[in-house]
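Subject: A structure for you to look at

Hi,

Here is the structure I promised to pass on. Please open it and keep it beside you as you read my notes.

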Amino acid sequence: MSLTSSDIARLANLARLELAPAETARLQTQMNDFFSIVETMRAVDTTGVEPLAHPVAAIQDIALRLRDDAVREPNQREANQQSAPAVERGLFLVPKVIE
């Protein structure tokens with residue numbers, strides 16, 4: 001996958017960025033280098049390789065110290081929402097921001 005300068009311009013527009021021509025060229029090179037690395041990684045045959053839960057597990061056996069998921073604080077929703085400008089049925093109401 002290779003991005004063109006028009007692809008970079010479109011991405012910059014979507015991100016609301018104003019890029020100078022030199023920045024566009026530099027960003028295009030960096031993004032294409034990134035996609036090149038991704039393509040190289042995709043080419044590696046990983047069949048039969050178990051996913052790691054932790055990177056250290058590749059070199060030694062590790063027991064992850066997981067704790068039980070337990071509620072340790074009382075529900076303070078009403079107290080936390082007192083300063084909110086608008087709340088409905090326990091949810092914060094915010095203005096619509098999608099154009």
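Let's begin with a question: what do the buried residues of helix 2 pack against? They pack against helix 1, which covers residues 5-14. Please keep in mind that this is a predicted model.

Helix 2 itself runs over residues 21-42. With 22 residues at 1.5 Å each, helix 2 should span 32 Å, and its end C-alpha atoms lie 31 Å apart, so the two values agree.

Which residues of helix 2 are buried? They are T24, N32 and F35. These residues sit on the same side of helix 2, because the arc they cover around the axis is only 65 degrees. On the face turned away from the buried side of helix 2, you will find the exposed residues A22, I37, T40 and M41.

N32 deserves a look of its own. Its relative accessible area is 16%, and buried means under 20%, so N32 counts as buried. Apart from neighbours within four places in sequence, N32 is in contact with M1, S2 and L3.

Now for the loop between helix 2 and helix 3 (77-81), where you will find L66. Is L66 buried or exposed? With a relative accessible area of 73%, L66 is exposed. Together with I62 and L64, L66 makes a nonpolar surface patch of about 300 Å².

Happy exploring!

Best wishes

Key
Residues are numbered from 1 along each chain as its sequence is written. This is a predicted model: local features need pLDDT of at least 70, side-chain atom pairs count only at pLDDT 80 or more; totals for chains, interfaces and linings use all residues. Side-chain values use heavy atoms; hydrogens and water are left out. Helices (H or I, at least four residues) and strands (E, at least two) are DSSP runs, numbered from the N terminus. Buried means under 20% relative accessible area, exposed over 50%, partly exposed in between (1.4 Å probe, protein chains only). Contact means heavy atoms within 4.5 Å. The expected span of a helix is 1.5 Å times one less than its number of residues. The arc is that of the directions from the helix axis to the C-beta atoms. Patches are made of residues with over 30% relative accessible area and no salt bridge: like charges are joined within 9 Å, nonpolar side chains (Val, Leu, Ile, Met, Phe, Trp, Tyr) within 5 Å. Accessible areas come from the Shrake-Rupley method with a 1.4 Å probe; for residues, only the protein chains shown count as cover. A salt bridge is a side-chain nitrogen of Lys or Arg within 4 Å of a carboxyl oxygen of Asp or Glu.
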